[in-house]
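Biologist: Could you take me through the sheet in this protein, strand by strand, and then show me what sits around it? I would enjoy a close look at how the pieces connect.

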Amino acid sequence: MNELAFTNQPFNTTKEDTLVTNKQMENKAVEKPIIKIRGLNVKTKEGEILKNINLDIPKNKIIVLLGPSGCGKTTLLKSLNRLTDLHKELKVSGEVFIDGVDILKASQELPVMRQKMGLFSATDVNI
Ligand SMILES: Nc1ncnc2c1ncn2[C@@H]1O[C@H](COP(=O)(O)OP(=O)(O)O)[C@@H](O)[C@H]1O
Ligand SMILES: [Mg+2]
């Protein structure tokens, strides 16, 4: 997960702000993040997939999640609408606030939350 890089400025970027690391993102004052991830860990019996992820995602911005195959991008996205629940071998801890609500809390209305948090998987398109 260390190799993941985040950027919230895909357009009109300067050299300085093109790549924002996890730590820098945490320190950066982001106005009213719509998604707040705090201390997110995803583990299996074999080991850690995501370790202590802290990330603010601002509203109405395009965010790029970049990293090599197997570094945890899909697992992070699955954590954002609790698709990780479908994999019983995954142990998820930490906090994921969507619009101020921690969706990892057991009391969450999953269907309502998932309607809000769309997730499209990559597919090949033949045209
Ligand atoms: N359900 C699972 N059980 C065990 N290991 C998993 C599971 N899902 C993902 N992993 C492992 O976690 C790592 C990150 O996977 P993934 O999130 O799919 O990476 P990416 O999307 O960046 O290619 C990989 O090593 C993968 O094998
Ligand atoms: Mg993937």
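Modeller: Happy to! Reading from the N terminus, the elements come in the order β-α-β-β-β-α-β-β-α, which makes three helices and six strands. Please keep in mind that this is a predicted model.

The sheet you ask about is open and has four strands, in the order E3-E2-E5-E6, with antiparallel pairing. E3 and strand E6 (101-102) are the edge strands; each has a single partner strand, so one side of each is left without a neighbour in the sheet.

Strand E3 (residues 48-58) runs antiparallel to strand E2 (residues 33-43), and seven bridges join the two. Within this pair, Val 42 faces Leu 50 of E3. The hairpin that E2 and E3 form has four residues between the strands, and there Gly 47 takes a positive phi near 160 degrees.

The next step goes from E2 to E5. Here too the pairing is antiparallel, over seven bridges, and Ile 35 stands opposite Ile 98 in E5.

Strand E5 (residues 91-98) pairs with E6 in the antiparallel sense over two bridges, with Phe 97 opposite Asp 102 in E6. E5 and E6 also form a hairpin, with two residues between the strands, in which Asp 99 has a positive phi near 55 degrees.

Most residues other than glycine have a negative phi. Asn 60, however, has a positive phi of about 60 degrees although it is not a glycine. Its place is the loop between E3 and strand E4 (64-66), and Asn 60 counts as exposed because it has 5 C-beta neighbours inside 10 Å, where exposed means 12 or fewer. Arg 82 is not a glycine either, and has a positive phi of about 60 degrees. This residue lies in the loop between H2 and E5. With 17 C-beta neighbours inside 10 Å, Arg 82 counts as partly exposed.

Now for the packing. The largest nonpolar core holds 10 residues: Ile 37, Leu 40, Val 42, Ile 49, Leu 50, Ile 53, Leu 55, Leu 76, Val 96 and Ile 103. E2 and E3 are the elements that give two or more residues to this core, and E3 gives the most, with four residues. Over the whole protein, 13% of the 127 residues count as buried. Of the contacts with a separation of 6 or more, 57% are between residues 24 or more positions apart.

Finally, there is the ligand. The shell around ligand 1 has 13 residues, and the closest are Ile 49, Lys 73, Thr 74, Thr 75 and His 87. Helix H2 (residues 73-79) provides the largest share of the shell, three residues. By type, the shell consists of three nonpolar, eight polar and two charged residues.

Note on methods: Residues numbered from 1 in each chain as written. Chains lettered and ligands numbered in written order. Predicted model: local features only at pLDDT ≥ 70, side-chain atom pairs only at ≥ 80, totals over all residues. Pairing = 2+ DSSP bridges. Buried ≥ 20, exposed ≤ 12 C-beta atoms within 10 Å, placed from the backbone. Contact = placed C-beta atoms within 7 Å. Near = placed C-beta within 6 Å. Nonpolar A, V, L, I, M, F, W, Y, C, P; charged D, E, K, R; others polar. Core = buried A, V, L, I, M, F, W, Y, C linked by C-beta atoms within 7 Å.
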